[in-house]
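Hi,

Here is the structure I promised to pass on. Have a look at it first, and my notes on what turned up follow below.

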Amino acid sequence: MSLGQRFMLWWRRQTAPCVIPPGCAFPALGGVSEEPFAQGVEILDDDQTPLLFVQQVLQAELGLTSGEAAVAAALAHARGGVLLPLADVASAAAAASALTEAARQAGWPLRCRVVVLEGGQP
């Protein structure tokens with residue numbers, strides 16, 4: 001892959017819309033609807049972390065069903081990232097920490113972070 005191609009992949013990841021499209025729901029997360037939300041955990045795609053690992057860690061750490069985890073992982077891969085809404089900032093922080101630590105222990109560079117949208121409490 002050329003340097004230009006790597007830059008374009010990076011650029012798309014940094015600028016990709018990271019929201020769940022209408023019609024997608026993650027009922028296992030509880031307390032969250034498709035209405036606008038204030039905080040969540042953002043999962044960023046990378047070139048090395050296997051899709052199956054992302055699915056497994058979402059199931060183990062966030063309690064998503066197999067189907068929900070597959071949709072979230074596919075969205076992250078297709079769009080460069082996905083924002084999974086959570087009920088509060090503390091839950092988002094705990095989720096980001098757990099996902100990142102699980103990836104680190106497995107030797108994968110998966111990156112996750114807390115996102116607080118305008119009007120949310122940091």
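The salt bridge count comes to two, taking a salt bridge as a side-chain nitrogen of Lys or Arg within 4 Å of a carboxyl oxygen of Asp or Glu. One of them pairs Arg113 with Glu42, with the closest N and O atoms 2.4 Å apart. Arg113 sits in strand 3 (residues 111–116) and Glu42 in strand 1, so this pair ties together parts that are 71 residues apart in sequence. Helices (H or I, at least four residues) and strands (E, at least two) are DSSP runs, numbered from the N terminus.

Before going on, the ground rules: this is a predicted model, where local features need pLDDT of at least 70 and side-chain atom pairs count only at pLDDT 80 or more, while totals for chains, interfaces and linings use all residues. Residues are numbered from 1 along each chain as its sequence is written, and side-chain values use heavy atoms, with hydrogens and water left out.

Back to that pair. Glu42 is buried, at 6% relative accessible area, whereas Arg113 is partly exposed at 42%. (Buried means under 20% relative accessible area, exposed over 50%, and partly exposed in between, with a 1.4 Å probe and protein chains only.)

The other salt bridge joins the side chains of Glu101 and Arg104, at 2.5 Å from N to O. Those two are three residues apart in helix 4, so about one helical turn separates them. Glu101 is partly exposed, with a relative accessible area of 30%, and Arg104 is exposed at 53%.

Glu68 is in helix 3 (residues 66–79), and its side chain reaches the backbone nitrogen of Thr65 at 3.0 Å. That falls under polar contacts: pairs of N or O atoms within 3.5 Å, where within protein one must be able to donate a hydrogen and the other to accept it, and residues adjacent in sequence count only if both atoms are side-chain atoms.

Now the overall layout. There are four helices and three strands in the protein, running α-β-α-α-β-α-β from the N terminus on. Of the 122 residues, 39% are buried.

With helix 3, the axes come within 8 Å and cross at roughly 130°. Axes here are lines fitted to C-alpha atoms, for helices over the stretch in contact, and angles run from 0 to 180 degrees between N-to-C directions.

Last one: Pro50, in the loop between strand 1 (39–44) and helix 2. Pro50 is partly exposed, with a relative accessible area of 30%. Its C-alpha atom is 10.0 Å from that of His77, 27 residues apart along the chain.

Cheers
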